[in-house]
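I opened the model to look up its strands, its helix contacts and its aromatic rings. My notes follow in the order in which I worked.

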Amino acid sequence: MAGAPWFLSLNGPDNVGKTSQLERLAHHRPRLQLLGSIHQHDPEAWRSAAEGDYAAWWFEKSRTRELTGMMLTSHAIRATVRRRGFVGLLDRGLPMLIAAAAATSTIKDNLSPEQALAGVEALVAESDLLFPVEAAILLLPSRDTARSYAITSVREGRVWTGVYVRYQHTLHTVLGLLADRGAFAAVIDCEGRSTDKVHADVLAHAENILNPAFLQQEQP
């Protein structure tokens, strides 16, 4: 593990299978520790924000600096619960949090996705928080942005309405920008592929990043 990251994140839009894939990884590899999403590790802050109309707070009332700061703080807190000798599995890592904040900023600050992304990245750069060094893998329902959105919306099981439609479209766009810039250690196209085949790719990339021998070791 010398030089390898102690955190591995799965990223991607809603309904692409991030959580399920992380659970499969942790179940079969004893040295991987599920750390879940940021909301689980800073619950009071998110509970307070969720009081009343959460969507209105997220897309209208909160400032981009406030929302980004909350996500970054929760992300830093989450990293502190990794057990010694384990690799922490993150359900949405730093690139995904940046993408979500940028997609939101695009809408409420009336910016282009490129402008919003630059603004959020500036907030990250000026933060004095300690962020975990992670290897980020991106799961995409499709390489085509329009198809990717269509696939995830069908899987939702209900119709997205209002601002959330634009948010999801924008989120796919921002993820594409980050992928083009090399923000992810690997990008996996899930279109037309079974969960098992996607998992085989996820596992192969995880082993390439983290070292297969380490992953097979028993818990310390």
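I began with Trp58, which counts as buried because its relative accessibility is 10%; for this term I use under 20% relative accessible area, with exposed meaning over 50% and partly exposed the range in between, for a 1.4 Å probe and protein chains only. The model is a predicted one, in which local features need pLDDT of at least 70 and side-chain atom pairs count only at pLDDT 80 or more, while totals for chains, interfaces and linings use all residues. Residues are numbered from 1 along each chain as its sequence is written, and side-chain values use heavy atoms, with hydrogens and water left out.

**Aromatic rings**

Tyr54 and Trp58 sit 4 residues apart in helix α3, and so about one helical turn separates them; helices (H or I, at least four residues) and strands (E, at least two) are DSSP runs numbered from the N terminus. I count 10 aromatic pairs in the structure, where rings of Phe, Tyr and Trp (its six-membered ring) pair if their centres lie within 6.5 Å, and planes under 30 degrees apart are stacked, over 60 edge-to-face and the rest tilted. In one of them, Trp46 and Trp57 are edge-to-face because their ring planes stand at 90°, with the centres 6.4 Å apart. This pair links distant parts of the chain, since Trp46 belongs to helix α2 (residues 43-50) and Trp57 to helix α3 (residues 54-61), 11 residues apart. I find both Trp46 and Trp57 buried. Tyr54 and Trp58 are also an edge-to-face pair, at 5.9 Å centre to centre and 65° between the planes. Elsewhere I noted one aromatic cluster made of Phe59, Tyr149, Trp160, Tyr164 and Tyr167.

**The sheet**

Next I traced the strands, and found an open sheet of 5 in the order β2-β3-β1-β4-β5, with parallel pairing; two strands pair if DSSP finds at least two bridges between them. β2 (32-36) and β5 are the edge strands, each pairing on one side only. From one strand to the next the twist averages 20°.

Which residues cover the two sides of β4? Glu134, Ala136, Leu138 and Leu140 lie on one side and Ala135, Ile137 and Leu139 on the other, and all are buried. Strand β1 (residues 7-11) pairs with β4 in the parallel sense over 5 bridges, and Asn11 stands opposite Leu138. Strand β5 (residues 186-189) pairs with β4 over 4 bridges, also in the parallel sense, with Ala186 opposite Ile137. I then checked β2, which 4 bridges join to the parallel strand β3 (residues 87-91), where Leu89 is the bridge partner of Leu34.

**Helix packing**

Finally I looked at helix α1 (residues 18-28) and helix α9 (residues 195-210), whose axes come within 10 Å and cross at roughly 60°; axes are lines fitted to C-alpha atoms, for helices over the stretch in contact, and angles run from 0 to 180 degrees between N-to-C directions. α1 is therefore oblique to α9, a term left for angles that are not under 35 degrees (roughly parallel), over 145 (roughly antiparallel) or 65 to 115 (roughly perpendicular). Gln21, Arg24 and Leu25 in α1 meet α9 residues including Asp196, His199 and Leu203, contact meaning heavy atoms within 4.5 Å.
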